Amino acid sequence: MPFAGWQALGAVGAARELQARVAALPDPLRRAAVAWLRPEGELVEQLATVAPAADRPLAGMPYFLKDLFDLTGVPTRAGSTFLDQLRPLPSHDCQLAQRLGELGAGCAGKSHLVEFASGLTGENPHYGDCPHPFHPQCLSGGSSSGSAALVAAGVAPLSIGTDTGGSVRVPAAWCGLHGFRLSPGDAFIRDAFPLAPTMDTAGWFTANAPDMLTAWRALVPGTGRPLASEPRGCYLNARKLLPGMDPTVATACDYAAASLTARADPVAEASLVLSWHHAVEAYITIGMSEAHTVHRDWLVPHRERYDPIIWRRFTDAGSFPAADIARAHERRREIISVLRDFFRTYDYLVLPSVSCAAPTKAEATLELRRNILTLCSPASLAGLPVLSLPVALPSGLTAGLQIILPSADSPVVPWLLGRS
């Protein structure tokens with residue numbers, strides 16, 4: 001149901017409809033996606049606090065909040081079983097929830113994620129691996145797994161996620177959603193529980209382009225600028241970026257990208273691809289060394305409570321040589337410089353978000369993780385906002401395009417959403 005349909009239900013109707021849709025979810029999906037559900041009466045009160053108006057475009061809109069963000073009196077566990085025991089119970093809402101409230105939206109609950117947001121496929125040993133809502137043998141993608149799955153399943157029209165290395169882009173692609181990630185360091189991410197602060201961003205999911213446009217206009221300041229001229233973009237050939245991509249996904253992504261823009265000229269393509277040659281290593285080195293800093297005091301006393309894979313990932317990062325970390329930051333600066341030069345000529349850059357359709361658990365390998373990071377880490381290292389668009393596949397599954405932008409308020413966004 002689109003935004004307008006939810007608003008037409010009124011506060012009582014929207015709260016009841018959402019509760020009914022949560023109750024109707026298959027148990028594995030409900031357990032893996034819903035971390036906390038607001039009681040119906042409280043949600044009615046939230047949704048009824050303001051009437052629709054021009055400055056409240058999200059009035060009456062229920063949404064889910066990824067469980068990295070604080071809500072007053074609600075534990076924040078970040079996909080773990082113990083974070084809430086190490087931090088005080090939140091005494092105020094995060095800035096993003098506050099802003100959504102000002103816009104008229106009501107938080108219906110919190111959504112599960114990959115433990116501490118460190119993963120791309122949606123697996124969590126504590127609450128269950130998050131299944132794709134329509135293909136339960138497949139994974140939803142992560143780390144914003146619950147947020148994406150709940151919108152894809154039609155439980156809510158909007159959900160909030162985060163994206164460090166692809167955690168909005170990947171589940172948006174696999175669940176057939178529109179997604180948007182902001183930039184590191186902005187007000188909406190500063191008070192979230194961190195993974196890697198240099199690259200952490202806030203973001204959100206919607207089920208369709210018109211709803212994404214409404215959310216973008218509401219949540220991003222300065223979006224009223226008109227296009228001065230026909231925007232100029234380009235796309236990178238999927239197979240050239242990642243020779244190991246699934247051929248069907250590569251073909252579908254190239255076809256979808258070609259409907260939005262022309263292919264990059266050889267000089268621009270070569271410059272970008274060359275600068276990204278060590279992007280995955282730079283992303284892992286910076287991201288995991290920062291994650292180690294966040295977790296280092298907990299890794300020994302709480303070892304048995306971590307997902308063993310996450311524990312090993314964070315612990316190993318504590319032994320990264322200082323020279324490797326410095327080199328990774330130098331590569332990050334190079335990527336920023338090359339993309340800055342690119343955006344002097346172009347308005348947007350299109351490339352695939354994922355290397356394959358939604359995988360089964362057996363297919364969620366380290367090779368798949370690296371393939372996804374090959375596609376997603378350049379925008380992460382550059383700290384750039386990204387619009388995610390779904391791409392249909394012949395199998396009935398989906399892939400996705402990521403459209404890298406020079407700024408979150410780019411007037412290209414409405415133009416792109418109108419063509420998608």
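Analyst: The model is predicted. In it, helix 14 passes helix 16 in a left-handed crossing.

User: At what angle do the axes of helix 14 and helix 16 cross?

Analyst: They cross at roughly 120°, and the axes of helix 14 (residues 279-295) and helix 16 (residues 322-342) come within 9 Å. That angle makes helix 14 oblique to helix 16, because the roughly perpendicular class covers 65 to 115 degrees and the roughly antiparallel class begins over 145.

User: Which residues of helix 14 and helix 16 meet?

Analyst: Helix 14 contributes A279, A282, T285, I286 and S289. Helix 16 meets them with D324, I325, A328, H329, R331, R332 and I335. By type, the residues of this contact are six nonpolar, three polar and three charged.

User: How should I read a nonpolar core?

Analyst: In soluble globular proteins, nonpolar side chains tend to be buried together. Here the largest nonpolar core has 142 residues, and F69, F180, W204, W276 and L349 have the most contacts inside it. Helix 17 (residues 366-382) supplies the largest share of this core, eight residues. Apart from it lies another core of eight residues, including V168, A172, C175 and F205.

User: What does W276 touch?

Analyst: Leaving out residues up to four places away in sequence, W276 touches L236, L241, I335, L339, L349, L351 and P378.

User: Is S410 buried or exposed?

Analyst: S410 is buried, because its relative accessible area is 5% and the cut-off for buried is under 20%. S410 lies in the loop between strand 11 (398-404) and helix 18 (412-419). Beyond residues up to four places away in sequence, S410 touches W216, R225 and L405.

Note on methods. Residues are numbered from 1 along each chain as its sequence is written. This is a predicted model: local features need pLDDT of at least 70, side-chain atom pairs count only at pLDDT 80 or more; totals for chains, interfaces and linings use all residues. Side-chain values use heavy atoms; hydrogens and water are left out. A nonpolar core is a set of buried Ala, Val, Leu, Ile, Met, Phe, Trp, Tyr and Cys residues joined through side-chain atoms within 4.5 Å. Buried means under 20% relative accessible area, exposed over 50%, partly exposed in between (1.4 Å probe, protein chains only). Helices (H or I, at least four residues) and strands (E, at least two) are DSSP runs, numbered from the N terminus. Contact means heavy atoms within 4.5 Å. Axes are lines fitted to C-alpha atoms, for helices over the stretch in contact, and angles run from 0 to 180 degrees between N-to-C directions. Angles under 35 degrees count as roughly parallel, over 145 as roughly antiparallel, 65 to 115 as roughly perpendicular and the rest as oblique. A crossing is left-handed if the near helix is turned anticlockwise from the far one by less than a right angle, and right-handed if clockwise. Ala, Val, Leu, Ile, Met, Phe, Trp, Tyr, Cys and Pro count as nonpolar, Asp, Glu, Lys and Arg as charged, and the others, Gly among them, as polar.
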